[in-house]
Amino acid sequence: MSVTRLRPAEREPFMSPSATPQEIAYQRTILQLLLAQNGSTTRLCETIAGGPIDLHLISQRITEDVPQAVRRLLPGTRFIERFTSLAGHGEVMMDNLSYIALEGLAPDLRRGLERGDVPIGHLLAQMWMRRVPLHAMRELLERLWRVVGLPDDGAARCHAVVTPDGPVMVLAEAFRRGMLQGACVF
């Protein structure tokens, strides 16, 4: 896994604007599966890419300035705000915005997050957790679009990561066309 800076030309919306009707139907089916899956998106990206993926850390900071939905869901007043992209073979597969509550965060997990060199999915692998879908998270998606550009509401979702001790993270994810690499071509 490598951490690099991202060039804007590598990011494309999930649905191809020049796709044939058959390709559109296929892309919609794949997108529906991606949006419904409830496991590690990092592992999913690695499987699609056929090996290690690149983590592009766009921005990361500790902040108290978070959307109201994050403040309502997560404990504490200080959070890690992290914008990343996962890419395989030079193509962006997904863009992510995460808010992680610092309150109660295990020291080793916090160190891993602050280094910013590993996808969150790898850091959470040792924890029992589940994802809870969140709806009407416009403010989260707008923040993601302001940083990465290329709004694509139809290929995005938001959810909370919940452990036995309660919610620890809120994520906004946008799937990009790189998720189709190696897929069936018509």
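Of the 23 residues in the largest nonpolar core, which touch the most other members? They are V70, L140 and L144, where a nonpolar core is a set of buried Ala, Val, Leu, Ile, Met, Phe, Trp, Tyr and Cys residues joined through side-chain atoms within 4.5 Å. The model is predicted, so that local features need pLDDT of at least 70 and side-chain atom pairs count only at pLDDT 80 or more, while totals for chains, interfaces and linings use all residues. Residues are numbered from 1 along each chain as its sequence is written, and side-chain values use heavy atoms, with hydrogens and water left out.

**Nonpolar cores**

- In soluble globular proteins, nonpolar side chains tend to be buried together.
- L140 is in contact (heavy atoms within 4.5 Å) with P67, V70, L97, Y99, C158, V170 and A172, once its neighbours within four places in sequence are left aside.

- Not counting residues up to four places away in sequence, T84 touches L55, H56, L57, I58, M94, D95 and N96.

**Cysteines**

- A disulfide is a covalent bond between the sulfur atoms of two cysteines.
- The count of disulfides comes to zero under the rule that a pair of cysteine sulfur atoms must lie within 2.5 Å.
- C45 is buried at 0% relative accessibility, and C158 is also buried, with a relative accessible area of 8%.

**Salt bridges**

- Side chains of opposite charge can pair when their charged atoms come close.
- A search of the whole structure finds twelve salt bridges, each requiring a side-chain nitrogen of Lys or Arg within 4 Å of a carboxyl oxygen of Asp or Glu.
- E12 forms a salt bridge with R177, and the closest N and O atoms are 2.6 Å apart; this pair links distant parts of the chain, with E12 in the loop between β1 (2–3) and α1 (21–36) and R177 in the segment after β7, 165 residues apart.
- Within that pair, E12 is partly exposed with a relative accessible area of 36%, whereas R177 is buried with a relative accessible area of 16%.
- R131 and E173 meet through their side chains in a salt bridge (3.8 Å, N to O); R131 in strand β5 (residues 130–134) and E173 in strand β7 are 42 residues apart, so this pair too links distant parts of the chain, and both R131 and E173 are buried.
- E142 and R138 form a salt bridge with the closest N and O atoms 3.2 Å apart, and they are separated by about one helical turn because they stand four residues apart in helix α6.
- E142 is partly exposed, with a relative accessible area of 35%, and R138 is partly exposed as well, with a relative accessible area of 37%.
- A network of salt bridges links R61, D65, E81, E139 and R143.

Methods
Buried < 20%, exposed > 50% of the residue type's maximum accessible area, 1.4 Å probe, protein only. Helix = DSSP H or I, 4+ residues; strand = E, 2+ residues; numbered from the N terminus.
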